[in-house]
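Please work through the exercises below with the sequence and the model at hand. Each task is followed by a solution in steps.

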Amino acid sequence: MSSTATVALTIILTSLLLLFYRGAPFLIFSKHQPPKALRFVEKCIPPLIIATLIVYCLKDINYAARPWGAPYFIAISVTVLLHLWKRNSMISIFGGTILFMVLSRIF
């Protein structure tokens, strides 16, 4: 099989598997309530992922040198405030990211 055919077949199979895995919960739980464990995961995992990302972003800051992590903390604070104000993840994420990029070029 040529490399182009292999790549095309890989993309098609991967797409079908992704579609199946994304759609399976809707097929399984369309008529029944999800189990309590799944509701717990659905409720608790997003904040845990966000906390993990924040820790990962802050781990390499040099607090002994200028600007002492100021762009990071300002951007995180603005992101939190935007989310509390608008309750829209996209506005919060893009607003915080754009502010961080601007601040990291200024400082």
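Predicted model: local features only at pLDDT ≥ 70, side-chain atom pairs only at ≥ 80, totals over all residues.

**Exercise 1. The largest pocket**

Determine how many residues line the largest pocket, which of them lie nearest its centre, and which helices supply the lining.

*Solution.* 
- Step 1. The space in the largest pocket amounts to about 700 Å³.
- Step 2. Its lining consists of 18 residues, and those nearest the centre are Ile50, Ile54, Ile76, Thr79 and Ile93.
- Step 3. At least two lining residues come from each of helix H2 (36-58), helix H3 (70-86) and helix H4 (89-106). The most are given by H3, with 8 residues.
- Step 4. Sorted by class, the lining holds 12 nonpolar and 6 polar residues, and no charged residues.

**Exercise 2. Aromatic rings**

State how many aromatic pairs the whole structure contains, and classify the arrangement of Tyr72 and Phe100.

*Solution.* 
- Step 1. Tyr72 belongs to helix H3 and Phe100 to helix H4, so the pair ties together parts that are 28 residues apart in sequence.
- Step 2. Residues count as buried under 20% relative accessible area and as exposed over 50%. Tyr72, at 29%, is therefore partly exposed, and Phe100, at 23%, is likewise partly exposed.
- Step 3. A further ring contact involves Trp85: Lys86 lies over the face of this residue, 4.4 Å from the ring centre.

**Exercise 3. The loop between H2 and H3**

Locate Trp68, identify its contacts beyond four places in sequence, and describe the peptide bond from Arg66 to Pro67.

*Solution.* 
- Step 1. Trp68 is found in the loop between H2 and H3, and Pro67 is placed in that loop as well.
- Step 2. With a relative accessible area of 49%, Trp68 is partly exposed.
- Step 3. When neighbours within four places in sequence are set aside, Trp68 is in contact with Ile61, Asn62, Tyr63 and Phe73.
- Step 4. From Trp68 to Phe107 the C-alpha to C-alpha distance is 10.0 Å, although 39 residues separate them in sequence.
- Step 5. The peptide bond from Arg66 to Pro67 is cis, and its omega is near 5 degrees.

**Exercise 4. Positive phi angles**

Give the phi of Trp68 and of Arg87, and decide whether Arg87 is buried or exposed.

*Solution.* 
- Step 1. As a rule, most residues other than glycine have a negative phi, and most peptide bonds are trans.
- Step 2. Trp68, which is not a glycine, has a positive phi of about 60 degrees.
- Step 3. Arg87, also not a glycine, has a positive phi of about 55 degrees. Arg87 is situated in the loop between H3 and H4.
- Step 4. The relative accessibility of Arg87 is 60%, so this residue counts as exposed.

Technical notes:
Residues numbered from 1 in each chain as written. Heavy atoms only, no water. 1 Å grid on protein atoms, 1.4 Å probe; cavity = no way out; pocket = protein on both sides within 12 Å on 5 of 7 lines; lining within 4 Å. Points joined across faces, edges and corners; volume = space filled by probe spheres on them. Helix = DSSP H or I, 4+ residues; strand = E, 2+ residues; numbered from the N terminus. Nonpolar A, V, L, I, M, F, W, Y, C, P; charged D, E, K, R; others polar. Phe/Tyr/Trp six-rings, centres within 6.5 Å; stacked < 30°, edge-to-face > 60°. Buried < 20%, exposed > 50% of the residue type's maximum accessible area, 1.4 Å probe, protein only. Lys NZ or Arg CZ within 6 Å of the ring centre and 35° of its normal. Contact = heavy atoms within 4.5 Å.
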